[in-house]
Each structure stands twice: as C-alpha cells, then as structure tokens.
Amino acid sequence: PSDLDIAQSIAPIPMQELSAKMGLAQEEIHYYGRYKAKVDLCVLDRLKDAPNGKYVVVTGVTPTPLGEGKTTTTVGLSQAFGKHLGCPVFTCVRQPSMGPTFGMKGGAAGGGYSQIIPMEEFNLHLTGDLHAVAIANNLLAAAIDTRMFHESTQKDEALFDRLVPRDSAGGKRRFAPVMKKRLAKLGIDPEIDGDSLTAEQKGAFARLDIDPDTIITRRVVDVNDRALRGITIGKGENEKAPRETGFDIAVASEAMAILALAQDLPDLRDRLGRAVVASSKNGDAITADDLGVGGAMTVLMKDALMPTLLQTLEGTPVFVHAGPFANIAHGNSSIVADKVALKMVGPEGFVITEAGFGADVGFEKFCDIKCRSSGLHP
C-alpha cells in the first residue's frame, strides 16, 4: 500500500488522551483540533529538576533528490523503543517546508509503517508556525524599504520628530526601550531627555542610511516559485527608489534559524532584535532593533516558539518544531523541543532526533551549532 493509504488506515490517539499518558497538565497544552497540540514551555519550569533522558541523533549520507530515509529510520527506531521495547521515547523532527512537499521530494513524514500522523497535517499548515515565521520576516523586509523611503524624503529633524513625538501629557519626548538600545549603540546616554540631543545626535539616531546593495533580508514564501527569485520592487507611482531583490523560501529565513535556536521568549526576542539586515553606507551593521521591529517580530512568533505535538503510527509521541535548511542554516529541529522531550522521558528514556541533509552538513552543524548553543550532547 502507498504511504498515504497506510497513514489514513490508522486512527490517531486523541491528543487529550495522548497528552494525559505523557503526564502533561491541562495548562501545559494548547489543543489545535483532536490530533494536534502545542506544548507550553512552562513545562520546563515544572520539570527543571528532573534528570534528562538519553539523546540520540540520526544522520545519513548525502541524500538523493527524494531523500535518504532519515525520518523513516528515526520514526522506526522510536516505535521500536516505545511500542515494542516499552521504553519511554520521544521523537523530535523538523517541520517540512511546503516547497519540497509540492516539489520532487514530496512529504517528510517518513514512509511505510514508520510515519508521523496525521500525515497530511504534518506536511501542510500544521499549527501555522511557517506562516508566523514568514510574516515576521516579511514585516522586517517591509520595514527596511519603508525606512529607506522616509529617509529619502525627509530631513533629519522631521525624521526625529516622527520617531520620537512629544507625548500629549507633558509635551516630552520619550524613547521606547528599543530606541534606548540604539542610543546606547551610538554612545549616547539611553536616559537622555529627547530635547537634549544635538542636531548631529538626532541625525545619527534617526537616519540609518542603509546601503541598498548590502541588504541581505529578502521576502519569503513557503512554496517553490521560481518567478520570484529575482524581482524589481518599488515600481508604484509614489515610490522613490526601485531596486532589484527577490524572494527566498520561508525556511531559509534567519527568523526560522533563530526559532530553532531560541531557548525561551526573552532569548527569541534578543536574537530577532540582533539579526543583521544590511549595512549603512559607512559600513555599520543595521539590525532589526535599529529598525524598531524586533519586538513586533517576537509577538508574531510567540506561539511558534511552542513545539507541536503529534504521534507516530504506533502512538509514540513526536515533537515537530522549526525547519531550517542545512545548506543555508543549521538544518535541525528546535532546541526547546529537545529540552522538553528529554525532561519528559526521564533518565531511562530516549529522545531520538535527526540532523537534516547529509552527515557532512546537518550532523556537523548539529554538533557545532545546536549542541554548543543548547549544552546538550548525544
């Protein structure tokens, strides 16, 4: 039988029942229908003193265009440990991009009798994390072009007035916390009164002076659309500076790589804010926080930070979370999913994850990037 026939022949365990078996409290789980849920990171607070389980990573040779079978092996291994040997086990894998899903490779739920279900949900929208990542990235891309437009049409004083308007109460200029970061970056006292800045300081604060040739943040969409690889934007009659750019696939965005490495909400906020998007014409790095959008990106991605809970064909639990490509980023599922899973299985249990692409890419980055960031070792 086909993978689809096999996947659809098994009735998944209702998520309320599966989560209860795992010992999750109701306040630690957010249901997305009968067979999908997100697990709140507050579970880490409850289990902070619990010992970790054993950490196993599956890798393989450089894949063929149709894959190499790592997920099939990962799921089969988890089912063997959990269903047949009776060991506590958790599988942790990346969320597939819909680009490969609708392309030559197809889905990424495993194959045969080693699959993650519901297979259709797994391969498509799931709980919306990819959409959250894409819209956060595109908000950042829009902010770059908007900032360049306004800087090209206004003088320093007008820019400063719009960024730091006087409040209605006492007519004072108040800097938002993200603005204070920029002041500190410029060597200006973050607690300074807005009216005390010199004209030069106001100009340095308000004008990022982005060099359009250095912009590295591009818009994204999570399907294969070759016509968008190279485009011209800014062609509207009110635009001032058309430029050449293009779209990437959503999982190639820095926002996706950050999601996979972030360890809690403050860490996600900090990493998004520090993301470099371009350089100024003087060669200074321009970040998302310089544009003032790091907080907005975090709000858009706050629910995406929680791993999604699914199951294998034989009813063992699976975390599906994040999906950075290994040829562009580090190619591994999230740190938070692994950390939650390791606490939940206990010292006699196993967490089985996989490193994307071949051992010479994903597994090396698993060791060099993911393990160094998380402090975990397989």
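**View 1. How much of the chain is tucked away.** Of the 378 residues in the protein chain, 49% count as buried, where buried is under 20% relative accessible area, exposed is over 50% and partly exposed is in between (1.4 Å probe, protein chains only). This is a predicted model, with local features needing pLDDT of at least 70 and side-chain atom pairs counting only at pLDDT 80 or more, while totals for chains, interfaces and linings use all residues. Numbering runs from 1 along each chain as its sequence is written, and side-chain values use heavy atoms, with hydrogens and water left out. The accessible surface comes to about 17,100 Å², 55% of it on carbon and sulfur atoms (Shrake-Rupley method, 1.4 Å probe; for residues, only the protein chains shown count as cover).

**View 2. The overall fold.** You'll find 16 helices and 15 strands in the protein chain; these are DSSP runs numbered from the N terminus, helices being H or I with at least four residues and strands E with at least two. Along the principal axes, the C-alpha atoms fill a box of roughly 70 × 50 × 35 Å. Among contacts (heavy atoms within 4.5 Å) between residues at least 6 apart in sequence, 70% join residues at least 24 apart.

**View 3. The largest pocket.** Its volume is about 780 Å³, and 34 residues line this pocket, with Gly 67, Arg 94, Lys 105, Gly 107 and Ala 108 nearest its centre. Helix H4 (70-84), helix H5 (98-101) and helix H6 (119-123) are the elements that each give two or more residues to the lining. On a 1 Å grid over the protein atoms alone, a pocket is an open set of points where a 1.4 Å probe fits, with protein on both sides within 12 Å along at least five of seven lines, and lining residues have an atom within 4 Å of a point. Points are joined across faces, edges and corners, and the volume is the space filled by probe spheres set on them.

**View 4. Around Phe 363.** Phe 363 sits in helix H16 (residues 359-374) and is partly exposed, at 27% relative accessible area. Setting aside residues up to four places away in sequence, Phe 363 touches Val 57, Thr 59, Ala 355, Gly 356 and Gly 358. Gly 60 is 303 residues from Phe 363 in sequence, yet their C-alpha atoms are 8.5 Å apart.

**View 5. Around Gln 201.** Helix H10 (residues 199-206) holds Gln 201, which is partly exposed at 26% relative accessibility. Beyond its neighbours within four places in sequence, Gln 201 contacts Ile 188 and Ser 196.
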